[in-house]
Amino acid sequence: TSEWIWQEEIDPKMHAEFALQYEKRLLRRFGLNGYGCCEDLTRKLDDIFTIPNIISMIRILAVPWFLWLLLGEDDPAFAGWVLVAIGGTDWIDGFLARRLDQVSELGKMLDPVADRLAIVAALVGGWIAGVLPWWVALLLLVREVLVGLLTLYLASKTSERIEVRYLGKAATWAVYGGVASFYIYAGTGWE
């Protein structure tokens, strides 16, 4: 019948060759070459979902929670402790990346993005909520903008990645600690 004729007309070698070519085109299209689809995809996901990168992603996701605690729940003390946790995990993700040999280009980008987001959110949120004096928030915002612009300028002038310096990390930790102390004081009234 017609089903039998259809099966006779298909050359198995031609069908296999077509399937192989189609698979190669798909792999090239998605940048998955060399190891086969599943192995290559697994390697790419392993580079993205490292422990340090997951910690950095959690830090970024904690920023809206921080803002909600501050502005939505009017709980500056709890928001301050969340800011302390975000700042503390800044050190942890870098330490684990080096210790577990999981330093990645994505992690080198996520870590400063998490820092800048958290600090700018803390400064603007603190200014809005009245937790930070306006001049403290303004000075630190100017610092963040200048550091950000300088980093972008230097990155545009050189093809090399700008390495993080100890002094920059210490300054970031000082901002986290100082700003968080305003939050905790505002929420608890400790003197």
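Modeller: Before we start, helices here are DSSP runs of H or I with at least four residues, numbered from the N terminus. Keep in mind, too, that this is a predicted model.

Biologist: Thanks! Which helix gives the nonpolar patch its largest share?

Modeller: That is helix 7, residues 134–157, which contributes six residues. The patch as a whole consists of W127, W134, W135, L138, L139, V142 and L146, and together they have about 760 Å² of accessible area.

Biologist: What makes L139 exposed?

Modeller: L139 sits in helix 7. Its relative accessible area is 56%, and exposed means over 50%, so L139 is called exposed.

Biologist: Why is D74 called exposed?

Modeller: D74 has a relative accessible area of 62%. The cut-off for exposed is over 50%, and therefore D74 counts as exposed.

Biologist: Where is D101, then?

Modeller: D101 belongs to the loop between helix 5 and helix 6 (105–129). Its phi is positive as well, near 55°, and D101 is a residue other than glycine.

Biologist: Why does D101 count as exposed?

Modeller: Relative accessibility is 70% for D101. Exposed requires over 50%, so D101 is exposed.

Terms used:
Residues are numbered from 1 along each chain as its sequence is written. This is a predicted model: local features need pLDDT of at least 70, side-chain atom pairs count only at pLDDT 80 or more; totals for chains, interfaces and linings use all residues. Side-chain values use heavy atoms; hydrogens and water are left out. Buried means under 20% relative accessible area, exposed over 50%, partly exposed in between (1.4 Å probe, protein chains only). Helices (H or I, at least four residues) and strands (E, at least two) are DSSP runs, numbered from the N terminus. Patches are made of residues with over 30% relative accessible area and no salt bridge: like charges are joined within 9 Å, nonpolar side chains (Val, Leu, Ile, Met, Phe, Trp, Tyr) within 5 Å. Accessible areas come from the Shrake-Rupley method with a 1.4 Å probe; for residues, only the protein chains shown count as cover. A salt bridge is a side-chain nitrogen of Lys or Arg within 4 Å of a carboxyl oxygen of Asp or Glu.
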